[in-house]
Amino acid sequence: MNLLSIQTALLQGVKLLEDDAVGVPRLTAEVLLAHAVNRDRSYLYAHPEEPLSEVAWLHYGRYLHERLKGKPTQYITGRQEFYGREFRVTPDVLIPRPETEHLIEAALARIRPGDSVLDVGAGSGAIAVTLALETTARIYATDISMPALRVAAENAGRLSANISLVAADLTYTFSDRSLDVVASNPPYVPQTDHPALQREVRDYEPAVALFGGPTGLDFYQRLAIDARRVLRPAGWLLLELGYNSLEPVREMLRSGWGEITVEHDLAGLPRVLAAQLQS
């Protein structure tokens with residue numbers, strides 16, 4: 001068998017992805033090839049003429065085939081960077097998005113040393129692990145998915161983050177007035193949007209982490225009520241916002257909440273709502 005060089009394999013991968021109109025084809029091919037040879041992307045350009053082993057070529061071909069079928073690159077490699085750290089991801093958890101880093105920033109601006117903080121909907125643990133490593137607060141995280149909690153536990157252990165993971169719906173296992181901050185990136189996609197979603201999202205990411213009922217507001221409505229029970233006076237509720245959810249969510253918090261602020265992402269879209277519970 002004549003072995004291809006790294007450079008030739010990379011170019012062939014880029015061509016396949018371009019022909020199928022896969023987004024960012026060069027970056028995708030680089031990530032998949034680097035994963036196949038178990039090196040970082042810079043290695044590909046430092047050793048362009050190195051022959052690709054038969055095993056690496058077989059892996060690379062399988063990765064390209066999976067990507068062409070729509071499987072997200074992160075689920076192929078099992079990795080996604082978030083807030084400067086690498087997290088393990090599987091199809092059991094939502095892929096962490098850069099936009100969610102705005103939720104982290106909003107939380108860091110409000111968490112005080114020793115606070116009790118709950119991340120509702122742990123998923124990969126990206127939010128809870130990051131807050132544990134960036135603050136001295138006591139960090140808890142809940143999820144109804146046991147497979148997701150196992151991924152979060154793995155990430156916490158690998159990154160040496162001290163968090164407490166709880167199998168629970170919303171905040172139901174926490175006592176009244178026991179928390180200082182509740183943060184969540186909730187399922188907020190309307191069920192009616194299912195057919196219009198990108199196939200990478202629609203066919204591969206977990207529905208339980210995506211869809212918030214017919215209008216996408218179910219989770220917000222439930223959490224707005226539950227947070228009032230578990231938060232101490234002047235505690236904070238921090239929510240990542242979905243498309244067109246700002247005004248409905250703000251209306252849910254019209255009574256009993258003060259200091260409602262909205263933070264926008266780099267595209268100028270409302271991304272995080274912060275509300276302080278009135279005493």
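This is a predicted model: local features need pLDDT of at least 70, side-chain atom pairs count only at pLDDT 80 or more; totals for chains, interfaces and linings use all residues.
Local features require pLDDT of at least 70 and side-chain atom pairs count only at pLDDT 80 or more, while totals for chains, interfaces and linings use all residues. Residues are numbered from 1 along each chain as its sequence is written, and side-chain values use heavy atoms, with hydrogens and water left out.

**Overall fold**

- The protein chain contains twelve helices and nine strands (DSSP runs numbered from the N terminus: helices are H or I of at least four residues, strands E of at least two).
- The C-alpha trace spans about 75 × 40 × 30 Å along its principal axes.
- Of the 279 residues, 51% are buried (under 20% relative accessible area, with a 1.4 Å probe and protein chains only).

**Helix 2**

- Helix 2 has 13 residues and reaches 18 Å from its first C-alpha to its last, close to the 18 Å expected at 1.5 Å a residue (1.5 Å times one less than the number of residues).
- Ten of its 13 residues are buried, so helix 2 is largely enclosed by the rest of the structure; among them are Leu32, Leu33 and Val37.
- The buried residues of helix 2 pack against helix 1 (6-19), helix 3 (41-46), helix 4 (54-68), helix 5 and strand 1 (contact means heavy atoms within 4.5 Å).
- Asn38, which follows helix 2, has a positive phi near 60 degrees.

**Largest pocket**

- The largest pocket holds about 1100 Å³ of space (on a 1 Å grid over the protein atoms alone, a pocket is an open set of points where a 1.4 Å probe fits, with protein on both sides within 12 Å along at least five of seven lines; lining residues have an atom within 4 Å of a point).
- Its lining comprises 50 residues, with Leu94, Asn185, Pro186, Tyr188 and Ala209 nearest the centre.
- Helix 10 supplies the largest share of this lining, three residues.

**Second largest pocket**

- The second largest pocket holds about 930 Å³ of space.
- Val31, Thr73, Gln74, Arg79 and Gln80 are the closest to its centre among the 31 lining residues.
- Helix 2 gives the most to the lining of the second largest pocket, with five residues.

Note on methods
Grid points are joined across faces, edges and corners, and a volume is the space filled by probe spheres set on the points. Buried means under 20% relative accessible area, exposed over 50%, partly exposed in between (1.4 Å probe, protein chains only).
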